[in-house]
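Let's take a walk through this structure together, starting with the overall layout and ending at a single side chain. Have the model open beside you as you read.

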Amino acid sequence: MSIHVLFEGVPGVIVRSDGVVIEGVELDDVVHAATRAAESAERIELCGGMPLEVAAQVRKAVSADIDVRVNRYGFESLE
């Protein structure tokens, strides 16, 4: 399974390894980044600090086949 984690922070990919991508994005770019990530990811995980309104926008923007989750734990625990 390929997972793409998005968190609000300095833009750019900080990890790309074994089917996991962790990427910082500006809040205004989350939906665009998620749409781009959905082209290759089976699951998109949003940092728990993202507003729920943004998570809802992401859910609407990507295919229903893509699992969208809001993390309530540190993304570092994916290691």
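Starting at the N terminus, the order of elements in this chain is β-β-β-α-β-α-β. That makes five strands and two helices. Please keep in mind as you look around that the model is predicted.

Now zoom out to the overall dimensions. The C-alpha trace spans about 30 × 25 × 20 Å along its principal axes. The radius of gyration is 11 Å, which agrees with a compact globule, because a globule of 79 residues would have a value near 12 Å. Contacts tell us how the chain is connected: among those with a separation of 6 or more, 49% are between residues 24 or more positions apart.

What about the inside and the outside? Of the 79 residues, 37% count as buried. The chain exposes about 4700 Å², and 52% of that area comes from carbon and sulfur atoms. As for charge, there are 7 positive and 14 negative charges, and their mean positions lie 5 Å apart.

Finally, let's settle on one residue. His4 sits in strand β1, which covers residues 3-8. Is His4 buried or exposed? Its relative accessible area is 9%, so His4 counts as buried, the cut-off being under 20%. Leaving aside residues up to four places away in sequence, His4 touches Val21, Glu23, Ala37, Ala41, Arg43, Ile44 and Glu45. One of these neighbours, Glu23, also makes a polar contact with His4, side chain to side chain, at 2.7 Å.

Definitions and conventions: Residues numbered from 1 in each chain as written. Predicted model: local features only at pLDDT ≥ 70, side-chain atom pairs only at ≥ 80, totals over all residues. Heavy atoms only, no water. Helix = DSSP H or I, 4+ residues; strand = E, 2+ residues; numbered from the N terminus. Rg over C-alpha atoms; globule rule 2.2 N^0.38 Å. Buried < 20%, exposed > 50% of the residue type's maximum accessible area, 1.4 Å probe, protein only. Contact = heavy atoms within 4.5 Å. Areas by Shrake-Rupley, 256 points an atom, 1.4 Å probe, with all protein chains shown as cover. Lys, Arg positive; Asp, Glu negative; His and termini not counted. Charge placed at Lys NZ, Arg CZ, Asp CG, Glu CD. Polar contact = N/O pair within 3.5 Å; in protein donor to acceptor, adjacent residues only side chain to side chain.
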